Amino acid sequence: MPVPTSLDNRLSLPLIAAPMFLISGPELAQACCKAGIVGSFPALNQRTSEGFEDWLQQMNSELAAHAETHPDQPPAPYAVNLIVHKTNPRWQADLELCVKHRVPIVITSLGAASQVVEAVHSYGGLVFHDVTNQKHARKAAEAGVDGIIAVAAGAGGHAGTINPFVLVSEVRAVFDGTIILAGCLSTGQDILAARAMGADLAYMGTRFINTEESRAEPAYKDMVISAVSGDIIHTPAVSGIPASFMRQSLEAAGYPMDQLHQAGTIDYGDKLKPVNDEAKAWKTVWSAGQGVSAIESVLPTRELVARLKREYEAARERLASL
């Protein structure tokens, strides 16, 4: 399926910069949108719904000002990630704020509630939902989402374990909407490969950790530069949901390497839990995907996106010449 009409001709590259817990804020999201790709951040990166609303107001006013001063290069839309989980007491209040401020794209995780789809569609917004398997893709399709983010093996954060070739094919078998592929995408040629595979858009998180606008601390960015794919460990021990972390940070935090198969617990029941318990763990145990091996420096977002565009066009030209 083509890119949704509301995104058509508004993207300079078929790419979404993924919302990363503790890493993505309005600074990174704005820089991405101004560079012509979808920028995003999790609602829970703000401690309260009031703070989250401040971010939405900031995004809307800043991007509107940019559009006015750059009529020939309007910014791309932005996205907000909502954790739609029964133990997250904030998600409904945050959803109301998304409706109030007409957030262009809402990315849902841990639940594809039809309530979100109805609310966001009421003002013409889009809902994308992330999945790691066909079963969850089918549920998302039944909920009426506009796009499904296929999170394949090797992704950072709460990653899946299925090969991207298989996952995209299985998602397409049960869904005729927009497919966004996530997992190990770090270069422009990776974006082209994702499209050749059948995805409509690419989804990059790890690649944007090492931008100047990212909220990752310098030591985190240095570890990303030094890490390789073999350093990425997929474990449920940190947050209760299988996620990818850098071995060096797990060791530094004192996690026993021989017990990483044991799950932690998932609980958003305490309003402060996402920014206290979970955030405390993710601040010291740093997540990244296997695409770290392609990252060698820290760049301004605009420069990174320009590089990705050059790589994407060069890859297209190479294929056209074959």
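Helices (H or I, at least four residues) and strands (E, at least two) are DSSP runs, numbered from the N terminus. This is a predicted model, in which local features need pLDDT of at least 70, side-chain atom pairs count only at pLDDT 80 or more, and totals for chains, interfaces and linings use all residues. Residues are numbered from 1 along each chain as its sequence is written, and side-chain values use heavy atoms, with hydrogens and water left out.

**Exercise 1.** Work out how many helices and strands the protein has, and what its radius of gyration is.

*Solution.* Start with the secondary structure: there are 11 helices and 10 strands. Next, take the radius of gyration over C-alpha atoms; the globule rule is 2.2 Å times the number of residues to the power 0.38. For 322 residues a compact globule would come near 20 Å, and the protein's 18 Å agrees with that. Finally, the box filled by the C-alpha atoms, along the principal axes, is roughly 55 × 50 × 40 Å.

**Exercise 2.** Find Ala288 in the model and decide: is Ala288 buried or exposed?

*Solution.* First, look in the loop between helix 10 (277-284) and helix 11 (301-321), where Ala288 sits. Then apply the cut-offs: buried means under 20% relative accessible area, exposed over 50%, partly exposed in between (1.4 Å probe, protein chains only). Ala288 counts as buried because its relative accessibility is 1%. In the protein, 54% of the 322 residues are likewise classed as buried.

**Exercise 3.** List which residues Ala288 touches, leaving out those up to four places away in sequence.

*Solution.* The partners are Ala155, Gly156, Thr206, Ile232, Ser244, Phe245 and Met246.

Conventions
Contact = heavy atoms within 4.5 Å.
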